[in-house]
Amino acid sequence: MDWKRKILTALKENIEQIGLSSNYASLATVRPDNTPAVRTVVMRGFVGENHSYETGWNSDLLCITTDKYSNKIKEIQHNNHVELCWYMNGTGEQFRIRGKVHILDDKTSLDTLNSHLTKNNRDVTGTKLELQSFLKTDNIWTAERYRHFIATDPSQRARQVKDIDQLEINELDEHGRFKNDAYPDLLEEAYERFVLLVVEVTSVRHWSLSTGSQTVPGINRKSRPSFLNLRSSSEFEALRKGGTQGDIKSVKSPIESIHSPHNKKRLIKRQPPTPTEVFTKNLNDAVLDVEDYNGYVYQSGLSSTEDEGGYFFTNHHPRDMKSFYLEPSYGRSEKRRSDPKRYHYASIDRDDETITSYYTNKRSKRPKKSCCFYCSIIFLSFAIISLVIVFLTRPLEAVEVVSVSNVLGTQKQLIFDLNVKASNPNLWKIPIIQSTLSLFAASHYVPTLMSNTSSYVHMGKKQEYLGTVKLLEDPLLFDASSLFSNRLSVSTSQIQIKSPGSTKDDSTGNERWSLIIRYPYELTIRGILKYHLLPWDKGHSVRVCKDIQVNPLTGKISDIPYPDQSICEDSVPPTEEYGH
């Protein structure tokens, strides 16, 4: 496959130049409210393959690992069509990969994708534990999930559970499943949250400065009919049922059927009233004293036959005269069938010289309730509901930064995922959009000048100020709880700092940051998360702090031991001391 071979060649060259940061790509999904969402993920290669050992399998399916409770899982369940933007900074080229994502967890099986897997004849080599598990497990998809879970860093597995720093896997059972006799329950909990995302690629576009943008061949597409020239839903139905283009030409659209010469209806001829009709109408109004009725009067000499308007006039005597009223917009030559109750007629008895008006559509006038009454009911209902909501409202509980993952640091920007857990006791989802989070970095390997005003000294270590995040472009969203129990949920937001360390009048901090990221360094996230329970409340805030150790050479992220985390216990945040 040309596109797969092109990606593997570019990836190998970029890893040799800039290291494992070439595995970072941006994954774009669609939220349930049909708004876009994008975040940085770590590409884990192709299903059934590894660059360091041979498994005996090949595929054209890309894979990504994630947490079961991440927001991207809900978005993929809503719409599994995604796009990956994989930019490789070493060679300056970019791959835009479009496809469908399939979720592999405890409750799903991807047997429908078996056609993308092929068995090769190469010898299986390697003694790694994940490879041995892959070879012992019968089901290929279960084996693939085992392989990636065992290959995951022990500290990353431990972050998915509580009260442990390292969650090791040191042996396998006879069926290839992992074992840890010291922490069996924690290992099962971590595996239950471990999800493998399998990307079925549908198109790949490659861009570079030398070749520009072009589509990479090698993807088999099923031929699909074009619906761009279909003129009506009848044509679409004919094609969907297996018809050909010749059959479609014989199908008429609804508009063509209406305007067919065989189905044209004679238009109603509208004529203005003549002066005689107007005089007759005014004379009849004066004689009958008919108030508030705008119509014309026509004498009817019909006997016991039905006229074209649908009326029956019976027992007409020469001494009696009955008239019926038509609306003024229709002339005498109009042929219109309608409801007889729309028309009124009057009867004149000449003997008694009495005039009696009969209205066939006379409506009884019922007393109408005042509009203020209904407005009062609506306002009272709204007030009661608002009071109930305010009474049941409670702030978020147990808000804590669980972990920081997918850290990508360059001189121009710093990107990472902030994973926050909280218990939402309310019956509706609570978003966190605003914040005042300050970021600091410290390194034992890079000396800095103490006169720099953007630095902060703590416990003998120099903390380099990187920037402040005041708005979460990817909001934290915590699920609602039920009436009888609180629900603890974890939400992830992608944080991005441009030109870390730079201030308005000083850019030397960014230069020191470019030196810090060459060696293992400490990253501190500290500040306040702000949220509103109701649109009209004054708002709530909670203080959070997280201190981690980042190794840019290996990509490993670990928590700093508790005695060294006393920076999170300071009474005055660094942002207040230096006014950032």
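Modeller: A residue is called buried when its relative accessible area is under 20%, exposed when that value is over 50%, and partly exposed in between. Please keep in mind, as we go through the examples, that this is a predicted model.

Colleague: With that in hand, how many of the residues of β17 are buried?

Modeller: Strand β17 is mostly covered, since 11 of its 12 residues are buried. To see its surroundings, we can turn to the sheet in which this strand takes part.

Colleague: How should I read such a sheet, and in which order do its strands come?

Modeller: As a general idea, strands of a sheet pair through backbone hydrogen bonds, either parallel or antiparallel. Here three strands make up an open sheet, arranged in the order β16-β17-β21, and their pairing is antiparallel. Because β16 (397-409) and β21 (487-498) each have a single partner strand, they stand at the edges, and one side of each is left without a neighbour in the sheet. On average, and with direction ignored, neighbouring strands of this sheet are turned by 20° against each other.

Colleague: How many bridges join β16 to β17, and which residues face one another across the two pairings?

Modeller: Eight bridges join β16 to β17, which covers residues 413-424, and the two run antiparallel; a hairpin of three residues connects them. Within this pairing, Val401 has Val420 of β17 as its bridge partner, while Glu397 stands opposite Ser423 in β17.

Colleague: Which parts of the chain does the salt bridge between Asp67 and Arg193 tie together?

Modeller: In that salt bridge the closest N and O atoms of Asp67 and Arg193 are 3.1 Å apart. Because Asp67 lies in strand β4 (residues 61-67) and Arg193 in helix α6 (residues 184-193), the pair ties together parts that are 126 residues apart in sequence. Both Asp67 and Arg193 are buried.

Colleague: Are the two partners Lys546 and Asp559 buried or partly exposed?

Modeller: Their salt bridge has its closest N and O atoms 3.6 Å apart. Lys546 lies in strand β23 (residues 540-551) and Asp559 in strand β24 (residues 556-559), so parts 13 residues apart in sequence are tied together. Lys546 is buried, with a relative accessible area of 12%, whereas Asp559, with 34%, is partly exposed.

Colleague: Finally, which residues form a nonpolar patch on the surface?

Modeller: The patch is formed by Leu380, Ile384, Val388, Phe391, Leu392, Leu427, Leu483 and Phe484, which together have about 940 Å² of accessible area. Among them, Leu483 is found in the loop between β20 (461-478) and β21, and Leu483 is exposed, with a relative accessible area of 66%.

Key
Residues are numbered from 1 along each chain as its sequence is written. This is a predicted model: local features need pLDDT of at least 70, side-chain atom pairs count only at pLDDT 80 or more; totals for chains, interfaces and linings use all residues. Side-chain values use heavy atoms; hydrogens and water are left out. Two strands pair if DSSP finds at least two bridges between them. Helices (H or I, at least four residues) and strands (E, at least two) are DSSP runs, numbered from the N terminus. Axes are lines fitted to C-alpha atoms, for helices over the stretch in contact, and angles run from 0 to 180 degrees between N-to-C directions. Patches are made of residues with over 30% relative accessible area and no salt bridge: like charges are joined within 9 Å, nonpolar side chains (Val, Leu, Ile, Met, Phe, Trp, Tyr) within 5 Å. Accessible areas come from the Shrake-Rupley method with a 1.4 Å probe; for residues, only the protein chains shown count as cover. A salt bridge is a side-chain nitrogen of Lys or Arg within 4 Å of a carboxyl oxygen of Asp or Glu. Buried means under 20% relative accessible area, exposed over 50%, partly exposed in between (1.4 Å probe, protein chains only).
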